Amino acid sequence: MSVSPSVSPAAFGGAADAAPTQADLLDFVRRTAADTELIASLPLDPEGRTWVRLEGPGGSEAWLIGWPPGTGTGWHDHADSVGAFLTAAGELKENALAVRLPGDGWRTLELAEGVDRERRLPSGRGRAFGHHHVHEVLNESPDRHAISVHAYYPPLPLMRRYSRTGQVLRLEQVERPEDWQ
């Protein structure tokens with residue numbers, strides 16, 4: 001995995017001094033993914049994900065991420081941040097939970113039947129999500145990289161990582177920005 005210096009994609013089209021909404025973030029990732037020169041500039045590594053931090057709209061945090069074939073994030077959330085992501089090249093799959101998890105104070109949850117959602121996001125498709133969205137993102141291609149653009153507001157205060165066995169979700173780790181340096 002690698003991190004490259006921040007770059008400035010297309011300017012934010014939202015109102016001055018207003019916090020970006022989920023729609024603003026989705027618009028930003030859509031416009032950024034259309035920047036073919038920026039997308040082509042991302043170094044790709046066959047062994048692991050690569051990323052470049054972008055200047056997001058209205059003080060948001062944004063990333064351009066390269067996904068080698070067969071890679072994924074594992075189950076996680078973005079705490080109190082809202083966000084959006086869009087596939088710029090290849091295809092990603094998102095597995096998500098359609099329920100809001102309880103706040104702090106738990107380590108293991110048994111999920112009810114019917115809470116799983118699955119989305120295929122081919123090039124040009126994306127989605128926005130709200131606070132405490134729990135998901136995993138995968139590049140299931142056996143032979144093709146995927147590239148995506150992500151934006152979060154406020155910038156990620158933490159990420160919770162989960163393991164999952166059947167319907168049991170277990171909180172494994174809480175990561176903070178200093179862990180990503």
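Predicted model: local features only at pLDDT ≥ 70, side-chain atom pairs only at ≥ 80, totals over all residues.
This note walks through some backbone and side-chain features of the structure.

1. **A cis peptide bond.** Start at Tyr-153 and Pro-154. The peptide bond that joins them is cis, with omega at about -10 degrees. Most peptide bonds are trans. Pro-154 sits in the loop between strand S11 (146–153) and strand S12 (159–165).

2. **Positive phi at Ala-79.** Most residues other than glycine have a negative phi. Ala-79 has a positive one, near 55 degrees. Look for Ala-79 in the loop between strand S4 (75–77) and strand S5 (82–89). Is Ala-79 buried or exposed? Its relative accessibility is 3%, so Ala-79 counts as buried.

3. **Positive phi at His-132.** His-132 is not a glycine, yet its phi is positive, near 60 degrees. His-132 belongs to the loop between strand S9 (126–129) and strand S10 (134–138). The relative accessibility of His-132 is 17%. Buried means under 20%, so His-132 counts as buried.

4. **Aromatic pairs.** How many aromatic pairs are there? The count comes to three. One of them is Phe-85 with Phe-129: the ring centres are 6.5 Å apart and the planes meet at 55 degrees, so this pair is tilted. Phe-85 lies in strand S5 and Phe-129 in strand S9, so the pair ties together parts that are 44 residues apart in sequence. Phe-85 and Phe-129 are both buried.

5. **Another tilted pair.** Phe-129 also pairs with Tyr-152. Here the ring centres are 6.3 Å apart, with the planes at 55 degrees. Why is this pair called tilted? Planes under 30 degrees apart count as stacked and over 60 as edge-to-face, so 55 degrees falls in the tilted class. The pair links distant parts of the chain: Phe-129 is in strand S9, Tyr-152 is in strand S11, and they are 23 residues apart.

6. **The cluster.** Phe-85, Phe-129 and Tyr-152 form a cluster linked by ring pairs. Phe-129 has a relative accessibility of 2%, so it counts as buried. Tyr-152 is buried too, with a relative accessible area of 8%.

7. **A charge over a ring.** Finally, turn to Arg-49 and Trp-67. Which part of Arg-49 sits over the ring of Trp-67? It is the charged end, 4.9 Å from the ring centre.

Technical notes:
Residues numbered from 1 in each chain as written. Heavy atoms only, no water. Helix = DSSP H or I, 4+ residues; strand = E, 2+ residues; numbered from the N terminus. Buried < 20%, exposed > 50% of the residue type's maximum accessible area, 1.4 Å probe, protein only. Phe/Tyr/Trp six-rings, centres within 6.5 Å; stacked < 30°, edge-to-face > 60°. Lys NZ or Arg CZ within 6 Å of the ring centre and 35° of its normal.
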